[in-house]
Amino acid sequence: MKLDAIGDWRRTHYSIDIKPELDGQEVTLFGWVQEIRDLGGIRFIILQDREGTVQITVPRKKVSAEVLSKTNKLQKRYSIGVKGIVRKTEITPRGVEVIPKEIKIFGMASPQLPLDITGKVPAKLEARLEARALDLCREENIAIFKIQHTAVEAIRDFLFERGFIEVHTPRIIASATEGGAALFPVDYFERKAFLAQSPQLYKEQLVMSLEKVFEIGPFFRAEESHTRRHLSEFVSIDIEQAFATAEDVMQLLEQLMRHVCKVVSEKCRKELALLNYELKIPEIPFKRLTYDMVLEDLKRREVEIPWGEDIPTPAFRTLGKTHPYFYFITDWPTRSKAFYIKPREDNPELCEGFDLMWSWIELASGGTRISSKELLIKRLKEKGLNPESFKYHLQAFDYGMPPHAGWAIGLERLTMMLTGKRNIREVTLYPRDKFRLTP
RNA sequence: GCCCUGGUAGUAUAGUCCGGUCUAGUAUAGGCGGCUGUCGCCCGCCCGACCCGGGUUCAAAUCCCGGCCAGGGCGCCA
């Protein structure tokens, strides 16, 4: 079939803008065929665009032969343009329909789709991810990613307003000696390089010049992790601030969380309703539990964790039952946190690192950083890392490193919290994990 | 990487325990035909599947072994 050209047609309205007040007016709509209900003498076409749907009504005897022959050819997911007249009606749920005067077909689709886009027969996540481009056309997914977009917009606004400068640090790095998470190796001309797992060291260096920075971007972890909250490629929202402590950035973080929840619940009413999810706006300040309090709390529930150990997932789940919403965990043992987290001056066994939890899931983590070169070297050695591998980073400490603090939020985990989705793959456009590299 | 559960038409499921009744059921999607107010439209007809490899057996969707993949959990995750 010969496809139509867009020509001089331009969209005048999105589907949701078609309201009874436009009765009698001519509109141009672009979108996709979601459903066709053909009753013989009358035919209903549900046109979908990213804002919603609107009904195109085709009474066989009242439209032109050209329109009739075009609608004869239509199938689900065809990309089309409709020029027609809005009609107020009592019969359709939204109170409007559009009677087409002219139809253009821009793109065709296989008759047998790999997924049921109307949601009558829900597909499993695997089948959905295999046909992700189509899956993302479903209203539920459009809602998820609009919510994510709204959250990112709110975060940027919030940070810009407070004087943070948005930066971009390298994704390709030279050294795999930062310890901890496994890195993905890449070929870099004749040398070996790695994909960055975090902007940590770079953002710390930037507080010497730009003072308050943030970065939103993807990072990579080559972990074996196979859970519903881990990805090999994820988006991190990182901030770092000069002349600040953990407490300062915790306050910033809780204010930000409240702001994001507020903006999303106001701007994404329709999307949240579609997802059937009620987003609560949290009160601040958030609860602050110390590591010791958490251990005691768990002990009372017969979960014993030796002091100094990290808290295992099942223990976090137990904790999440008592604290179902946001809370901080502070005063972690120094040895359980990264080398750059500052030990407490009054008790170096404890540190100024914190985690922001949402129920049992770690949403963000941060802390006051070490600003003394000497101490940083000591901590590197204690962690079994070679200071020589950090020479460029350590060099920064010779040029006036200010006291500083920061945190990082996992965007996908934040989106899980905002949408109520329980698998991180659902809130990632094209998820990457140990087993999935395509599409 | 380990443990548990699973893999049946495009999609989602029944059947698997206890092998033969399975020529593999149902819904939805798809094809054809009919229908002027549908909105999970309806009605009729049709098409379409046992993850891969090996084994046991007269006989395997069903039992056994290996592989791959998926879901959940664990570990790992500076």
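A: A residue is near a molecule or strand if one of its heavy atoms lies within 4 Å of it. The model is predicted, so local features need pLDDT of at least 70 and side-chain atom pairs count only at pLDDT 80 or more, while totals for chains, interfaces and linings use all residues. Residues are numbered from 1 along each chain as its sequence is written, chains are lettered from A and ligands numbered from 1 in the order in which they are written, and side-chain values use heavy atoms, with hydrogens and water left out.

Of the 52 residues around RNA strand B, those that come nearest are I91, R228, H230, A338 and Y340. On the RNA side, sugar or phosphate supplies 58% of the atoms within 4 Å of the protein, and bases supply the rest. A backbone N or O atom of G41 is 2.7 Å from a phosphate oxygen, an N or O atom in the side chain of K76 is 3.2 Å from a sugar or linking oxygen, and a backbone N or O atom of H226 is 3.1 Å from a base oxygen. Two or more residues of this surface come from each of β1 (26-38), β2 (42-49), α2 (125-130) and α9 (313-322); helices (H or I, at least four residues) and strands (E, at least two) are DSSP runs numbered from the N terminus.

Elsewhere, 8 strands form an open sheet with mixed pairing, in the order β6-β10-β11-β16-β15-β14-β13-β12; strands pair if DSSP finds at least two bridges between them. β6 (165-166) and β12 (287-290) are the edges, each with a single partner strand, so one side of each has no neighbour in the sheet. β12 pairs with β13 (326-330) in the parallel sense over 4 bridges, and T290 has T330 as its bridge partner in β13. Helix α8 (291-300) packs on the sheet and touches β12 and β13, contact being heavy atoms within 4.5 Å.

Chain A has an average pLDDT (the predictor's confidence in each residue, from 0 to 100) of 94, with 99% of the residues scoring at least 70.

Definitions and conventions: Axes are lines fitted to C-alpha atoms, for helices over the stretch in contact, and angles run from 0 to 180 degrees between N-to-C directions. A polar contact is a pair of N or O atoms within 3.5 Å; within protein, one must be able to donate a hydrogen and the other to accept it, and residues adjacent in sequence count only if both atoms are side-chain atoms.
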